[in-house]
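Some notes on this model follow. Please read them with the coordinates open.

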Amino acid sequence: MNKKEFIQLLDKYLAGSASPEEEELLLRVYETYQDNQEWDSHELDRIDALEDKLFERIKLAMHTPETAVDGAGRVPAEARRLPLRRILIAASVILIAGVGMLFLLRPRPAGAPVAETPAPGPKQDFSPGGNNAYLVLSDGQKLALNQAKVGLLAQQGSHAVIKKEDGQIVYSPVGADVPVTRSIALNKIVVPVGGQYRVMLPDGTHVWLNAASSLEYPVEFTGDRRQVKLTGEAYFEVARNTAMPFIVNVNDKMDVNVLGTHFNIMAYDDEEKIATTLLEGAVKVVDRAHPGNVKTLTPGQQANRAENGGIDVTDVDTEEAIAWKDGQFLFVNEDIHSIMRKLARWYDVKVEYSRSLKNKSFDGSISRNRNISEVLKLMELTKSVHFTYGERKITVMP
C-alpha cells in the first residue's frame, strides 16, 4: 500500500464508510505509515483524527464491554459489573487486528523527576525477551539453557537433569542400575533481564520464572520439608505432599509455607513491596524478621510485605498478577514508573524520566511478544506521555 492509498483508506474510515476488512487493513498499516512518512498539515489532521477516533472506541468499549446498550440506550447492569480484566479484553478486541492493545490514562499526583528532557534521538526498536536462563550445578558449572540441546544435561545426585523439547527443565530419577551420590546438592536457575524460564522440580512442582529472577533448590527433597529460595518473581504450582510442606524463602525476608497450591510471588529489589498472590489452595506468609507476623491467604487474596515488615492482605484480581506467565502485560491502575520497570526488565533497557513528567496511571493490556515500539506507540495514543529511545535507553516525557 502506498501513501495515497493509505490516505484514501483513512478518509473512508473517518467518514464511517470503510468495511470491516478495510478497517482491519488500516489498523494493520497505521503505525508504519505514522512513523515512516512525511506529512503535510492536512494529512497530520487526518492522523490526529484517527488517533482520537481509536481512543474514543476504547473508551466506549470500557463502558459497554461485550454487550450493546439496551432499547432505552442504557448499559446493562451486568456489563457494568464485569471485572476490569474482561473490560480490557473487550476493548482490546476492537483494536486487535492492527493494534492488539489498549491503554487508558488515569491522572496521578506529580512524581519525583530524575533526568532532564533530552533532544529527540534516533529510534531503535527492541525485541521482547524469551526463554533465556542458565543452570548452576552443584559443582559450580554453568549451563546456558537457551543454547543447550534437548535431552540429558547432567546428573545431579539421584536425578537426571533433562531439557524437554518445549525448553522446560525437569528432574527425573535415574534408574536403579545407575550409581548415584546421595549427598544433597543444590542447583540454581538464574534468569537474566530479558529472559524467562520454566522448571519442574524433583517433587513434581512446576515453577515459571520471570525476568531478573533466580531459584535455588535441592536436587532431592528429604526430611520434613521442601525448601527453595527465590529472588525476583515466580509462579508456583506446588505438588501436594502433606507430610512435607513446601517453603519458599523470599529474599531472606519472608517465608511462604504451602502444602499444595498455585500462587505468584513478586519480590524484585526495585519494588517497594513483596507481593504474594494466591490462586488456589492456601498459603501462610511469615515475616522472617518477626516470626509472629503471620498471614494466611485464601484464593483471590494478595499479601504485601512492606520494608518495615508489615503485611497487608487485600482481595485482588489474580489475573493481573500472573498475566506475565501467560505472555501478557496487564496493567490495572498502574503508575508509569511501575510499568516502565516491567518493560525495562523484559526488554533489557534503561529508563529515564523528564524533570517535567508528572506521575500518571494507566489501565492496559498487550502481548509480551510485541516489540517495545508497539507498546510505547500505543501508550502515546493517550496523548499524555511520549518517549524517545535508542541505544537501549528510553526517556519518558509528558
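How many residues lie between S6 and S7 in their hairpin, and which residue in the turn has a positive phi?

1. Basis. This is a predicted model; local features need pLDDT of at least 70, side-chain atom pairs count only at pLDDT 80 or more, and totals for chains, interfaces and linings use all residues. Numbering starts from 1 along each chain as its sequence is written, and side-chain values use heavy atoms, without hydrogens and water.

2. The hairpin. Five residues separate S6 and S7, and Gly167 in the turn has the positive phi, about 95°. Helices (H or I, at least four residues) and strands (E, at least two) are DSSP runs, numbered from the N terminus. S6 covers residues 159-163 and S7 residues 169-173; they pair in the antiparallel sense over five bridges. Two strands pair if DSSP finds at least two bridges between them. Lys163 has Ile169 of S7 as its bridge partner.

3. The next strand. S7 also pairs with S9 (residues 195-200), in the parallel sense, over two bridges. Here Ile169 has Val199 of S9 as its bridge partner.

4. Helix H1. Residues 3-15 form H1, 13 residues in total. It reaches 18 Å from first C-alpha to last, close to the 18 Å expected at 1.5 Å a residue (1.5 Å times one less than the number of residues). Gly16 follows H1, with a positive phi near 80°.

5. Faces of H1. Phe6, Ile7, Leu9, Leu10 and Tyr13 are buried (under 20% relative accessible area; exposed is over 50%, partly exposed in between; 1.4 Å probe, protein chains only). Seen down the axis of H1, these buried residues fall within an arc of 165°, so they line one face. The arc is that of the directions from the helix axis to the C-beta atoms. On the other side of H1, Lys4 and Ala15 are exposed.
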